[in-house]
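Me: I have a structure open and want to learn how to read its features. Can you take me through them in turn?

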Amino acid sequence: MALLSRQERRHFPDWDDPSQCIFQRVTVDLDKCDGCKLCTLACPANVLEQYGEKGRKKVRVKADVRGRISCNNCHAICENGAIEATQHYDFVGYYRQLGRGAFAKPRIF
Amino acid sequence: MAERAARVLSVEDPEEVEREAGRSSKIPVVPEGAEWNAVERVMLQRRSIRRYKKAQVPAHLIRRLLEVARFAPSQGNCQPWKFVVVRDPDMLRGMEEFCVEQCRKLSNGLDYATLPAGSLKYRIARTKAKLFGRLQPNMLHPVPVSAVTAIAEGRFMVFHRAPTLILILMDKRGVGVPPVDIGICGTSIVLAAQSLGLGTCWVGFSKFLNDSREWCERLGVEEPYEVTEAITVGYPVGDTTRLIPRETHETVWFEGGKKQILY
């Protein structure tokens, strides 16, 4: 018994194939984002950047960057709650994530 | 035999021992739905901080962190740790440079994603990566590999320009699984730091320092010790205490003769 099939255990995902290395989703609420840039500083993977005209800048995820780690440091530092990672990274094959449920803030029991 | 077994049982019944001693400790009551207490809040607010203010952390606060770490649990109470604290900017810069250079070498030889697809270099790197991946699947996980490349390309730092670095050396002769004890000990450090308004970040790439005879000599890393982890300490840029969402994990729960899956 194993949660990964033999085929999966033998498959190491291709680092340059986004369909095999699925780095998680980061969503930005553009109405709430005031372009303050703090999240770009807090991002451990340095994957966020500012764009847009001066005075109306917003933040987005850079194109073609790997290494987003769903740490949500951007969410922690954002004063407006405008940015959030909503999904964990996942891979095809050997590193496929197991037993992960939905994202949730700390729940009181 | 039976008499002996009964005696052992009675001695090991903690409530009876308490009664015999004429003492009794109360069971603390935490009602359902109670707010997070101060310690839990600190644990939930801890983030891995990679941007620090320039201000140095007062030495007595670092001493405080190490004092807490000294009381961390370890297997057989073996305490297989040794701390090396570096607060000298020149040394920190030198260590950063050395680790960046190691990342450059690693990234160039292995990270085929940075090379033109199909080129000879790409094919060689890819073959090497797939082979080493089998031998070292944890180190060649896609996440650290992308970090190594980010460091090599100057998009990311190893020690994050933190004013203080605590290296945790491990005595390889520790009881059982000493790396676990290093993790537990470091957790005491990062949580205590969070409670004092400090930011921290674990730096596993500090292990590269073991490959430098010069740095081992300067830092005093000698057999049977090796650099296992490092923790950067400083004042974080921005307020990072907003609680964050994270994925739940499957939990298997056995109770009342039933098995449940919880998240």
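Me: Start with the nonpolar core. Which residues have the most contacts inside the largest one?
Reply: This is a predicted model, so read every value as computed from it. The largest nonpolar core holds 29 residues. Met95(B), Phe159(B), Leu167(B), Leu209(B) and Leu219(B) have the most contacts inside it.

Me: Which elements of chain B each supply at least two residues of this core?
Reply: Strand 1 (81-86), strand 2 (164-171) and strand 4 (225-234) of chain B do. So do helix 5 (89-110), helix 7 (142-152) and helix 9 (213-219) of chain B. Helix 5 of chain B gives the largest share, seven residues.

Me: What does Met95(B) touch, leaving out residues up to four places away in sequence?
Reply: Met95(B) is in contact with Val86(B), Phe159(B), Leu165(B), Leu167(B), Leu209(B), Trp215(B) and Leu219(B).

Me: Now helix packing. How are two packed helices described?
Reply: By the angle between their axes and the distance between the axes. Here, take helix 4 (residues 59-69) and helix 8 (residues 178-195) of chain B. They pack at about 140 degrees, with axes 8 Å apart. Helix 4 of chain B is therefore oblique to helix 8 of chain B, because roughly antiparallel needs an angle over 145 degrees. The crossing of helix 4 of chain B with helix 8 of chain B is right-handed.

Me: Which residues make the contact between these helices?
Reply: From helix 4 of chain B come Leu65(B), Leu66(B), Val68(B) and Ala69(B). From helix 8 of chain B come Cys185(B), Ser188(B), Ile189(B), Ala192(B) and Ala193(B). By class, that contact has eight nonpolar residues, one polar and no charged ones.

Me: On to the backbone. Which residues does a cis peptide bond join?
Reply: Glu223(B) and Pro224(B), with omega at about 5 degrees. Look for Pro224(B) in the loop between helix 9 and strand 4 of chain B.

Me: And positive phi: is Ser70(A), one such case, buried or exposed?
Reply: Ser70(A) is not a glycine, yet its phi is near 55 degrees. Ser70(A) sits in the loop between strand 4 (58-61) and helix 3 (73-77) of chain A. Its relative accessible area is 4%, so Ser70(A) is buried.

Me: Where is Gln79(B) found?
Reply: In the loop between helix 4 and strand 1 of chain B. Gln79(B) has a positive phi of about 45 degrees, and it is not a glycine either. Its relative accessibility is 34%, so Gln79(B) counts as partly exposed.

Technical notes:
Residues are numbered from 1 along each chain as its sequence is written. Chains are lettered from A and ligands numbered from 1 in the order in which they are written. This is a predicted model: local features need pLDDT of at least 70, side-chain atom pairs count only at pLDDT 80 or more; totals for chains, interfaces and linings use all residues. Side-chain values use heavy atoms; hydrogens and water are left out. A nonpolar core is a set of buried Ala, Val, Leu, Ile, Met, Phe, Trp, Tyr and Cys residues joined through side-chain atoms within 4.5 Å. Buried means under 20% relative accessible area, exposed over 50%, partly exposed in between (1.4 Å probe, protein chains only). Helices (H or I, at least four residues) and strands (E, at least two) are DSSP runs, numbered from the N terminus. Contact means heavy atoms within 4.5 Å. Axes are lines fitted to C-alpha atoms, for helices over the stretch in contact, and angles run from 0 to 180 degrees between N-to-C directions. Angles under 35 degrees count as roughly parallel, over 145 as roughly antiparallel, 65 to 115 as roughly perpendicular and the rest as oblique. A crossing is left-handed if the near helix is turned anticlockwise from the far one by less than a right angle, and right-handed if clockwise. Ala, Val, Leu, Ile, Met, Phe, Trp, Tyr, Cys and Pro count as nonpolar, Asp, Glu, Lys and Arg as charged, and the others, Gly among them, as polar.
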